[in-house]
Amino acid sequence: MDARIDLRSDTVSKPSERMRQAMATAEVGDDWYGDDPTVNRLQDRAAELTGKDAAIYLPTGTMCNQVALHAYVRSGHFAVCEANAHAGRTEVSSAAVLSGIAFRYLTAPERGLLIGEQVAAALAPDPYDVSVVDLVTIENTHQVGGGSVLSVTGVHDIAAVCADAGVPLHLDGARIFNACAVAEVPVAAYAGAVTSLMFCLSKGLGAPIGSILAGDKEFIREARRLKILFGGAWRQAGIMAAAGLIALEEGPKRLPEDHENARTLAEGIAELLPGSLDPDLIETNIVFVDVSGTGRDATQWRERLAAEGVLVTMIGGRIRMLTHVGVDAADVQAALAAWQNAAKAA
Ligand SMILES: Cc1ncc(COP(=O)(O)O)c(C=O)c1O
């Protein structure tokens, strides 16, 4: 048994027994020929849920973003994104190498949440035609922003600005179902405001692998071509898609539990280390702790917590923790006890 409490990401969760059963008995075919019935069911279900014409099942969220970027942005042109967006930061070299794309970064007023006005300013035409923007991409929830939620109205504001400028809007919705749980809206409410979106089955929804990219028919047709260009077909992917279908059905329902656990974790840490975070800002399943005022740096905290059996990551000198299906309320209490012990350790 794994005694560690793994808060490094919501990607570390293991597939449920029901997923494993479904994977073992999945009907499969060669996805190159469009012959995998389970992949087809997953794609159809994703299109239906998002209200988009079509969807494609891809191995990762990164690949979904990269396919979208390549489809929309000409080599040498720009995509606009928030300064700490995954697509523009973690994936910056992928976009450069695969598509020759540059980013124009906008710093959001708070927690990574872009607003329409600043996007409008970024889309003003360059009188010298040096930088041409072909795409705006937004992230919801915003990971580095601490799992912050952009409202449906906020997304519509940005969409209106993009529509005025004739620029498509792509949503990196790796954790869009977490946003939906907070905003209490179906995913179609967000999807309806954007040109395309991706979401991950492998994060809070609990599947072992896979992400979805959804948009209009022409876009998804191009995405199929780009899937082949970027790596080829993934053949009997129905084995994975079977778990994805269960993730779509069951995953969203239990996200409020992850959010409650994250809030409890944040409250406990704020009590132990006053000023290190504001628990009232924890909306979803991500908790960042600013340990700069504790006399120890993030590496030291991470090592001490690991010695206490709690795994965390560091981003920009802060400690990051995510709750997920593999973490229950008792684990949160045990993690808080580990923080207390780590604080006492010399
Ligand atoms: C906001 C966001 N977008 C995209 C990704 C990429 O997803 P994947 O790890 O499936 O490539 C991540 C991964 O953590 C993410 O947090």
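## Nonpolar cores

I138 touches L114, L150, V155, I158, L169, H170, L171, D172 and V194, leaving aside residues up to four places away in sequence. This is a predicted model. I138 belongs to the largest nonpolar core, which has 56 residues. Together with V136 and L201, I138 touches the most other members of that core.

There is also a second, separate core. It counts 27 residues, among them I269, V289, A298 and L336.

## Helix α10

Helix α10 covers residues 238–250, 13 residues in total. From first C-alpha to last it reaches 18 Å, close to the 18 Å expected at 1.5 Å a residue.

Its buried residues are G238, A241, A242, A243, G244, L245, I246, A247 and L248.

## A link between α1 and α10

The structure holds 13 salt bridges. One of the pairs is R18 with E249, whose side chains meet at 3.4 Å, N to O. R18 lies in helix α1 and E249 in helix α10, so this pair ties together parts that are 231 residues apart in sequence.

Both partners are partly exposed: R18 has 40% relative accessibility, and E249 has 43%. The pairing extends to E250: salt bridges that share partners join R18, E249 and E250 into one network.

R8 forms a salt bridge with D6, with the closest N and O atoms 2.6 Å apart. R8 is partly exposed, at 32% relative accessible area. D6 is buried, at 14%. The cut-off for buried is under 20%, so D6 falls within it.

R111 and E110 also meet through their side chains in a salt bridge, at 3.5 Å from N to O. R111 has a relative accessible area of 23% and is partly exposed. E110 is partly exposed as well, at 44%. Side chains of opposite charge can pair when their charged atoms come close.

## Nonpolar surface patch

Y33 lies in the loop between α1 (17–24) and α2 (37–50).

Y33 is exposed, with a relative accessible area of 59%.

Methods
Residues are numbered from 1 along each chain as its sequence is written. This is a predicted model: local features need pLDDT of at least 70, side-chain atom pairs count only at pLDDT 80 or more; totals for chains, interfaces and linings use all residues. Side-chain values use heavy atoms; hydrogens and water are left out. A nonpolar core is a set of buried Ala, Val, Leu, Ile, Met, Phe, Trp, Tyr and Cys residues joined through side-chain atoms within 4.5 Å. Buried means under 20% relative accessible area, exposed over 50%, partly exposed in between (1.4 Å probe, protein chains only). Contact means heavy atoms within 4.5 Å. Helices (H or I, at least four residues) and strands (E, at least two) are DSSP runs, numbered from the N terminus. The expected span of a helix is 1.5 Å times one less than its number of residues. A salt bridge is a side-chain nitrogen of Lys or Arg within 4 Å of a carboxyl oxygen of Asp or Glu.
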